[in-house]
Amino acid sequence: MHYYTDYPSAADYLTEYTRMNELGKHIELIRDAKAQCAVSIIVSVNCVSAGQWTAFARELEQAGADAIELNIFLLPLDKNSDTRDIETAYLETIAQVCESVRIPVAVKIGSNFMNLPYIVQEIYNRGGRRAS
């Protein structure tokens, strides 16, 4: 099925509607929670790529989030992509989000990487830090 390519105007409308309504509600929830709670507010963001997530991360920070947890999951579907392409996509997303905010960014990753110690070190190198 090619819903988004068959109806690009509809895809644009749905994307904008979701962004303005659902993400707006999420930001308002963060503002309300921050105003009513004395505890740190750590938000979790499910993302595939940096794209608009960097802007969303900034909005979450401005709404009062004390830290961000990125839940990145890329499902490899292209048989011609090698593991470095997938790792690069993860690392670029992490680097861009870390550069766009001043609050700590944690990264939730699975054990599906071929060299987990390498990917953890690369995440650290791009701005992902352990909370102190």
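The lining of the largest pocket divides into ten nonpolar, three polar and two charged residues. Here nonpolar covers Ala, Val, Leu, Ile, Met, Phe, Trp, Tyr, Cys and Pro, charged covers Asp, Glu, Lys and Arg, and polar covers the others, Gly among them. A pocket is an open set of points on a 1 Å grid over the protein atoms alone, where a 1.4 Å probe fits and protein lies on both sides within 12 Å along at least five of seven lines; lining residues have an atom within 4 Å of a point. The model is predicted: local features need pLDDT of at least 70, side-chain atom pairs count only at pLDDT 80 or more, and totals for chains, interfaces and linings use all residues. Residues are numbered from 1 along each chain as its sequence is written, and side-chain values use heavy atoms, with hydrogens and water left out.

The largest pocket holds about 260 Å³ of space. This volume is the space filled by probe spheres set on the grid points, which are joined across faces, edges and corners. The pocket is lined by 15 residues, and Leu74, Ile86, Tyr90, Asn112 and Phe113 are the closest to its centre. Helix α4 (residues 83-100) contributes the most to the lining, with four residues.

The protein chain has five helices and three strands. Helices (H or I, at least four residues) and strands (E, at least two) are DSSP runs, numbered from the N terminus. Along the sequence, the pattern is α-α-β-α-β-α-β-α. The chain has 132 residues, and 30% of them count as buried. Buried means under 20% relative accessible area, exposed means over 50%, and partly exposed lies in between (1.4 Å probe, protein chains only). The accessible surface of the chain is about 9,200 Å², with 54% belonging to carbon and sulfur atoms. Accessible areas come from the Shrake-Rupley method with a 1.4 Å probe; for residues, only the protein chains shown count as cover. Contacts were also examined by sequence separation. Among those between residues at least 6 apart in sequence, 72% join residues at least 24 apart. Contact means heavy atoms within 4.5 Å.

The largest nonpolar core has 25 residues. Such a core is a set of buried Ala, Val, Leu, Ile, Met, Phe, Trp, Tyr and Cys residues joined through side-chain atoms within 4.5 Å. Ile30, Val43, Leu60, Ile68 and Leu70 have the most contacts inside the largest core. Two or more residues come from each of α2 (8-36), β1 (42-47), α3 (53-63), β2 (67-72), α4 and α5 (116-125). Helix α4 gives the largest share, five residues.

Helix α3 was then considered residue by residue. Its buried residues are Thr54, Phe56, Ala57, Leu60, Glu61 and Ala63. Threonine 54 has a relative accessible area of 12%, so this residue is buried. Beyond its neighbours within four places in sequence, threonine 54 contacts Gln96, Val97 and Ser100. Leucine 60 also sits in helix α3. Its relative accessibility is 0%, and leucine 60 therefore counts as buried. Setting aside residues up to four places away in sequence, leucine 60 touches His26, Ile27, Ile30, Val43, Val45 and Ala65. The C-alpha atoms of leucine 60 and glutamate 28 are separated by 9.3 Å, although these residues are 32 apart along the chain. Just after α3, glycine 64 adopts a positive phi of about 120°.

Isoleucine 72 is placed in strand β2. This isoleucine counts as buried because its relative accessibility is 5%. Methionine 114 lies in the loop between β3 (105-108) and α5. With a relative accessible area of 73%, methionine 114 is exposed. Its C-alpha atom is separated by 8.1 Å from that of threonine 83, 31 residues away along the chain.
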